[in-house]
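Let's take a friendly walk through the charged side-chain pairs of this protein. Have the structure open as you read.

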Amino acid sequence: MAELGSKGVTAGKIASNVQKKLTRAQEKVLQKLGKADETKDEQFEQCVQNFNKQLSEGTRLQKDLRTYLASVKAMHEASKKLTECLQEVYEPDWPGRDDTNKIAENNDLLWTDFHQKLVDQALLTMDTYLGQFPDIKSRIAKRGRKLVDYDSARHHFEALQTAKKKDETKIAKAEEELVKAQKVFEEMNVDLQEELPSLWNSRVGFYVNTFQSIAGLEENFHKEMSKLNQNLHDVLLGLDKQYSGNAFPVKAQPRKKTKLFARLRKKMSSDSTPAKANKSPSPPPDGSPITSPETKTVNHELEPSTLEAPGASIPKSPSQSSLPAVVVETFPATVNGTVEGGASSERADMPPGFLFKVQAMHDYTATDTDELQLKAGDVVLVIPFENPEEQDEGWLMGVKESDWIQHKALDQCRGVFPENFTERVQ
């Protein structure tokens, strides 16, 4: 006991605390069972709900703000490494080397300053705002305990008053304990009744100030970074002018498969016999009627059986009209093997199977007769490959809009082109 007294805790105080806990536990059980009434304050309960919601929202905001700061830190490191890479590859005799070093230094300073101001004006303010919640939460819990003590003292006093055999001494003592419990509870209750609504209303101003600070810091940061980026652009433009002959060209993706029309020419050269100008096609073996070239149009790739037919003429290029007309099976329009639209989706003013429009962003010089020659600004109407297996990755089939408007004939105008030289516009 002496040891307990040396620490400011007496056996009597311990026993008193234990008795309070037992009394509270008993009172709560009786209230839950409906054998004892409980003092209710709906207005205060609403304040507590608002408090818990405010604490939850503030905690989430603090977490997300820390994540944002970590992202800024990571972006700073990535930007720093990128500028260091530029400094390493920038040779000493190139114009603007000193400028790039200065830009890199200022870039690093801007990121550092941005991160530090976010910490000072947003994160520390956030920490201060949340710092007041633990104490209030503790006081709310204590108020709850004091309310139970008050209800318990009230029930004890009422029980003594209604007892058949009254003990005035016990009644007087119970009344004294009731008054004391009520006073302690009401003091805490009044303070919280004033403080909780005020805290709840303060959240609006806090959110406004926090996000205004972040938005303002971001705005200033990006303005200054934009100036640095413009300076870097000007330095690199000067370098480009001095070494303009070594500009990096935009290249098309290599075509891995056999060229569409080139394969046809090779096949026809090896398997077909050139026909004389005045010779008519030989009748089919089954005796079916011959389809006149003037009444049909070529809509699909020539099948091998047709290419080997006697009397077929050899086309010199995909743009010439000497390809023999044939009737072949019609397949759904596809791009990269995916069925697109169909007859219902075709437009009257567009080529059969029209898919979408693209615009050339760069000039492209055709390297084969089945390719389209493009100039920057040309609009191309994309159509499906007649045989999806002929499509190379990164290449599309189409006809320039100007050619289609003028000729309305795919066999004279269509061709393949690299997709990365264009941009979809419709």
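## A pair across the chain

In this predicted model, the side chains of lysine 357 and glutamate 401 form a salt bridge, with an N to O distance of 2.8 Å. The two partners come from distant parts of the chain, 44 residues apart: lysine 357 sits in strand β3 (residues 356–360) and glutamate 401 in helix α9 (residues 401–407).

Is lysine 357 buried or exposed? With a relative accessibility of 13%, lysine 357 counts as buried, because the cut-off for buried is under 20%. Glutamate 401, at 21%, is partly exposed.

## A network of three

Salt bridges with shared partners tie Asp135, Arg139 and Glu195 into one network. Within it, aspartate 135 and arginine 139 meet through their side chains at 3.5 Å, N to O. Both belong to helix α5 (residues 133–162), where they are four residues apart, about one turn of the helix.

Aspartate 135 has a relative accessibility of 45% and counts as partly exposed; arginine 139, at 23%, is also partly exposed.

## Further along helix α5

Helix α5 also holds arginine 154 and glutamate 158, again four residues apart, or about one turn of the helix. Their side chains meet in a salt bridge at 3.7 Å, N to O. Here arginine 154 is buried, with a relative accessible area of 13%, whereas glutamate 158 is partly exposed at 35%.

## The overall count

How many salt bridges does the structure hold? There are 11, and the pairs described above are among them.

Conventions: Residues numbered from 1 in each chain as written. Predicted model: local features only at pLDDT ≥ 70, side-chain atom pairs only at ≥ 80, totals over all residues. Heavy atoms only, no water. Salt bridge = Lys/Arg side-chain N within 4 Å of Asp/Glu carboxyl O. Helix = DSSP H or I, 4+ residues; strand = E, 2+ residues; numbered from the N terminus. Buried < 20%, exposed > 50% of the residue type's maximum accessible area, 1.4 Å probe, protein only.
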